[in-house]
Each structure stands twice: as C-alpha cells, then as structure tokens.
Amino acid sequence: IKDYFKNYLWNTCDVTLKLGKAPDVRYHNSHAEEDWTVTLAETGADSMTGERIRRVRSYVEGDGTFLLTYGDGLSDIDLNASIAEHRQTGATCTLTAVHPGSRFGSLELDKSGAVARFAEKPQLEETFVNGGFMVCSRELFSYLEGSPNPVFEQEPLTAMAADGRLHAYRHEGWWQSMDTYRESQLLNELWDSGRAPWKVW
C-alpha cells in the first residue's frame, strides 16, 4: 500500500519517459483526488483494533471529529447525515446500525404450507448490527487507555455504552459485508454489471 501511494502517479497515469542525457518523466492524466492527503500509519501486524486506532491519535486534527471504518463492508450510507447526527447528539462514537443480510433465501408460508413469498437473501429487518462505519470524537482515545493492546469492540465500546457515550445512526438502506470469498464474488459481480448500490458518486 505504501509503495502504491508513493508511486501513485506512476501507477495511475499514462507516462512519457525521456531517456538520455536529460531524463524526464511526464504524467498525462489528471485526477479529481489530487488534493487528497493520505497518511499511512504503521500500526504493527499484531495490534488489535483498539491499538490500531490509538496509534493514529496524533494524526487526528481539526475539531477532533474523525471517521473510522473497518474497510470490509460496502454501503450507500449518507455519511454527511451520520456526521450531523453525531455532532447533534454529542456522543463519543456514533456507529452505523445496519440490518445484516441473510445467507439464505427467506420463505413466507401460509397456513397450508404454500409458499406465499420467497426473497433471495433478504435483509433481516428487525436486527441491527454495527455496520463498521463510525463517526468519532477525540474523546474516544480516552477509552483506549489502560490496556496494552485493546480490542475496540470489547471494553472500549462496552464502556462507552455504559457511560451513555455510544450512539447509533440507523441506516435502512443497502449494506453488505465482504468477509468471505463468496461475498467478494457477489460484490465484484455487482460492480462489473454496473449494479453496485454503493456507487453513489
């Protein structure tokens, strides 16, 4: 990843090389993201999720509000709305609550046993889980102290909930994890077919 960004233009543009006594490199493409700033922080191969967050503390600037994601899921979440709700509630962490998808098709049966409705891998509409997209305040780092290698999803989130500092932004739209090879295939097929629900730009 570090090499990719270090050589970002080389990796993403058409390039003309001038060789000889006055070598030169010219990149031909322009990118809308050229004003991005990317910080690549080495957090260690054995660091748990809380430790990885703690090690980037010095890079959180501005008003201290930052976005956090596991990077293993895709969604059409309105991030601006989740940030606004986080700021309105004053929570330490606002996680996005989503409905998990079922691994199996769903059957709705009538009294005789006839299938009244079939849904291929529907979302489980009553259950919410942490969708992995969070808005956090700098105060979050205080919940990562006291343990040498904290697991974010255990003591820190539990303590925030007990203190009334954890909030949930309810997302009723599309969400899909990418934890398995099968899920990866599904998401790649959606992208390749031009039917990617998470492509909102």
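Tutor: A helix here is a DSSP run of H or I with at least four residues, and a strand is a run of E with at least two, each numbered from the N terminus. This is a predicted model, in which local features need pLDDT of at least 70, side-chain atom pairs count only at pLDDT 80 or more, and totals for chains, interfaces and linings use all residues. Residues are numbered from 1 along each chain as its sequence is written, and side-chain values use heavy atoms, with hydrogens and water left out.

Student: Which residue follows helix 6, and what is its phi?

Tutor: G194 follows helix 6, and its phi is positive, near 75 degrees.

Student: What makes a residue of helix 6 buried, and which ones are?

Tutor: Buried means under 20% relative accessible area, exposed over 50%, and partly exposed in between (1.4 Å probe, protein chains only). In helix 6, E183, L187 and L190 are the buried residues. Seen down the axis of helix 6, they fall within an arc of 55 degrees (taken from the directions from the axis to the C-beta atoms), so they line one face of the helix.

Student: What covers the buried residues of helix 6?

Tutor: The cover, judged by contact (heavy atoms within 4.5 Å), includes strand 4 (73–75) and strand 10 (175–177).

Student: Now helix 5. Which of its residues are buried?

Tutor: Helix 5 runs over residues 155–162, and P156, L157 and M160 are buried there. Down the axis of helix 5, the buried residues fall within an arc of 95 degrees, so they too line one face of the helix.

Student: What is exposed on the other side of helix 5?

Tutor: E155, T158 and A162 are exposed there.

Student: What do the buried residues of helix 5 pack against?

Tutor: They pack against strand 5 (93–98), strand 8 and strand 9 (166–170).

Student: What follows helix 5?

Tutor: G164 follows helix 5, with a positive phi near 70 degrees.
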